[in-house]
Amino acid sequence: MWRLKVADGGNDPYIYSTNNFVGRQTWEFDPDCGTPEERAEVEAARENFWKNRYQVKPNSDLLWRMQFLREKNFKQIIPQVKIGDGEEITYEIAKTAMRRGAHFFLALQASDGHWPAESAGSLYFLPPLVMCLYITGHLDDIFPGEYSKEILRYLYCHQNEDGGWGLHIEGHSIMFCTTLSYICMRILGKGPDGGRDNACTRARKWIRDRGGATSIPSWGKTWLSIFGLFDWLGTNPMPPEFWLFPSFLPVHPAKMWCFCRLVYMPMSYLYGKRFVGPITPLVLELREELFLQPYNEINWMKVRHLCAKEDLYYPHPLIQDLMWDSLYICTEPLLTRWPFNKLRQKALEVTMKHIHYEDENSRYITIGCVEKVLCMLSCWVEDPNGDYFKKHLARIPDYIWVAEDGIKMQGSTSQEWDTGFALQALLACNMTDEIGPTLKKGHEFLKESQVKDNPSGDFKSMYRHISKGSWTFADPDQGWEVSDCTAECLKCCLLFSIMPPEIVGIKMEPERIFDSINIILSLQSKNGGLSAWEPASSSKWLELLNPTEIFENLVVEHEYVECTASAIQALVLFKKLYPEHRKNEIDDFIANAVRFIEEIQMPDGSWYGNWGVCFIYGSWFALGGLAAAGKTYNNCLAIRKAVEFLLNSQFNDGGWGESYISCPAKKYTPLEGHRSNLVHTAWALMGLLYSGQAERDPTPLHRAAKLLINSQMEDGDFPQQEITGVYLKNCMLHYATFRNTFPLWALAEYINGCHSHVIQSSMGEKLG
């Protein structure tokens, strides 16, 4: 059976940590683990997912939940409650449902204080890792039998009915992910007509029916070139000389969004090397299977700009294609010939210097999974037997997640993001007397997880921002500061600082809190908005140079309503506890941030959500930020418009449900059939509570709370529904804890907002 290990560094000499691996979560397969009954339970979960894979595409993340619930001997002892037609929600019923959800959620906390969970869903994450390990000869070492079996399970589970794979698990089939998934199945030993339900045959037909793999988008062209299934002549240039550009130029690495910079850094190294993996019999077979014409007859120059219509989300403007053509025709032939090839060699050395710097400062986790695989392969190309590559191998387990739908690669783990929300939900429950030990462990986890230092050395010359005092999305070993992660975790630490230390532990030192404030203040732009990772100081016109076809807003950092609103809430709470610290700066920050939120509101009253689906998510954040800053329904037009949007989009059953299509379309789109989603319902309910809806008309709140209560499962869990996370407008992420965190949090806030008179009366009786 598979087992989740927590805060375990193992015995690998090539792995190291900044905090003794607190927050690390890795999986191992133990063939001797588990009783026959436990194994049968896992198999039943797998079969249930398979049977329902087209109805609910995100998994319920059951394997580790089963493990934790067994280990803690969890039994739900609080009776289930339901509300019938025409019945009112009493304080006792709402509190019972909340307590049931809280006690279930407590059992899912790991020993080091965090809440583990899957953070995946994109279908282009895993195949490049398999391809890289095949090229380097380490596939069987890293992914022995049971791993390969579960990787194949994941591919089978998320193959669409038409035979292809989407950009993410709920998406329509595209050439990029279908081609990579097909190659992955073939690498793992499936023949051209093999795989469950004829998976390979159906995938190959999908590819060939659309003209073959020559129309794969640019990232796919890069990976096929690396694997020996495309000629580098068929890709747009990615010259490593870019890393030699002087900083005064309008186009420079320092001006790029960190993810874009760190993807194209190793890509440019591999391109500059024109690296091609070993041409094995499998590669030769794939050359025949993936293309309509003979491989050696393909005109590579003519296919450079091809992109399948299914993949094309962000068409390249003409000016960009002209730029690529100029580089392709004029510049590249020079840089590959003497004496200019000396410059190429220098550029490759500088590029590799940057790769090593980023690897070391992230403990070889890197900023994300796309970068991880490319940097790992670059290190192998530089030195197949070197320590750099071995350190990369040691950190592959950090990205692997196992659930009932198989093994997948996570984009980035989300321990600190999930835990920051989980703790706020539990704190809102006002159950300190029941859940003190859980809060204390969570508090200790946050203190252990704060980044203690800036990146090493002259980090500004390596295009890095300060990180001391921040929290990351993942864990501190990864090292990348994120503004809203910092704000959400800081809110928790500030709340813990005013609670009894004998219950929640010693409060965080003021100096460390001040470091967090410094991070937040440093990321505000002139327009008042807050960026996520680094200051958004680059010109937005650089997005015209977006080299991908499948993502938007990739090239430079932007400001986001979620980051801005989180920061407002954290700073308002901080001001109450430390009123004189950088007072004027914080006051100006909040005023400018409020102005930014008001200015970017959509005409229908909503806000576009950049990291969650979508307008409901953005509106929840915005309303929370505006309310924290003192804005009300009566004095703020933006709040009144947002309330109108939320009330108008509530369904007949009291819930809300928004399709992921809202994200790429950038227009509010309800779920088909007006199905309610409990996470969306929780966000909307909390947004309305922030607006003061309980004082105006609590009826919509009662209806939403009724749906949440009646949807709760027998053990206190909530059912998994549609996907709820997003990035870069067009790709979705599955956050598996959201179905617990947000319904629980919303019920707690509902009780606090709609039944406050009962709470106050109860407190009075206790004090009396």
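A word on the source. This is a predicted model, in which local features need pLDDT of at least 70 and side-chain atom pairs count only at pLDDT 80 or more, while totals for chains, interfaces and linings use all residues. Residues are numbered from 1 along each chain as its sequence is written, and side-chain values use heavy atoms, with hydrogens and water left out.

Back to Asn610. It sits in the loop between α22 (583–599) and α23 (615–628). Helices here are DSSP runs of H or I with at least four residues, strands are runs of E with at least two, and both are numbered from the N terminus. What does Asn610 touch, leaving aside neighbours within four places in sequence? The contacts, meaning heavy atoms within 4.5 Å, are with Tyr560, Val561, Glu562, Val726, Tyr727 and Lys729.

Val561 takes us to helix α21, residues 561–577. Its 17 residues should span 24 Å at 1.5 Å a residue, and the end C-alpha atoms are 25 Å apart, which agrees. The expected span is 1.5 Å times one less than the number of residues. Of the 17 residues in α21, 14 are buried, so the helix is mostly covered. Outside its four-place neighbourhood, Gln569 is in contact with Lys491, Phe621, Gly624, Gly625 and Ala628.

His755 is in the loop between α29 (738–754) and α30 (756–767). Is His755 buried or exposed? At 6% relative accessibility, His755 counts as buried. Not counting residues up to four places away, His755 touches Ile89, Thr90, Tyr91 and Tyr750. His755 and Arg3 are 752 residues apart along the chain, and their C-alpha atoms are separated by 42 Å.

Ser456 is in the loop between α17 (432–449) and α18 (483–497). Ser456 counts as partly exposed, at 38% relative accessibility. With neighbours within four places set aside, Ser456 is in contact with Tyr357 and Asn361. Ser456 and Tyr357 are 99 residues apart in sequence, and 8.6 Å apart in space from C-alpha to C-alpha.

Next, helix α13. The 21 residues of α13 should span 30 Å at 1.5 Å a residue, and the end C-alpha atoms are 30 Å apart, which agrees. Just after α13, Arg363 takes a positive phi of about 55°.

Now salt bridges. How many salt bridges are there? A salt bridge here is a side-chain nitrogen of Lys or Arg within 4 Å of a carboxyl oxygen of Asp or Glu, and by this rule the count comes to 41. I will take three of them.

Glu332 forms a salt bridge with Arg344, with the closest N and O atoms 2.9 Å apart. Glu332 lies in helix α12 (residues 318–335) and Arg344 in α13 (residues 341–361), so the pair ties together parts twelve residues apart in sequence. Both Glu332 and Arg344 are buried.

The side chains of Arg70 and Glu41 meet in a salt bridge at 3.8 Å, N to O. Arg70 is in helix α2 (residues 62–71) and Glu41 in helix α1 (residues 36–51), so this pair ties together parts 29 residues apart in sequence. Arg70 counts as partly exposed at 30% relative accessibility, and Glu41 counts as partly exposed at 37%.

Asp85 and Lys706 also meet in a salt bridge, 3.8 Å from N to O. The pair links distant parts of the chain, 621 residues apart: Asp85 is in the loop between α2 and α3 (91–106), and Lys706 is in helix α28 (residues 699–711). Asp85 is exposed, with a relative accessible area of 77%, whereas Lys706 counts as partly exposed at 22%.

That is what I have. Questions are welcome.

Note on methods. Buried means under 20% relative accessible area, exposed over 50%, partly exposed in between (1.4 Å probe, protein chains only).
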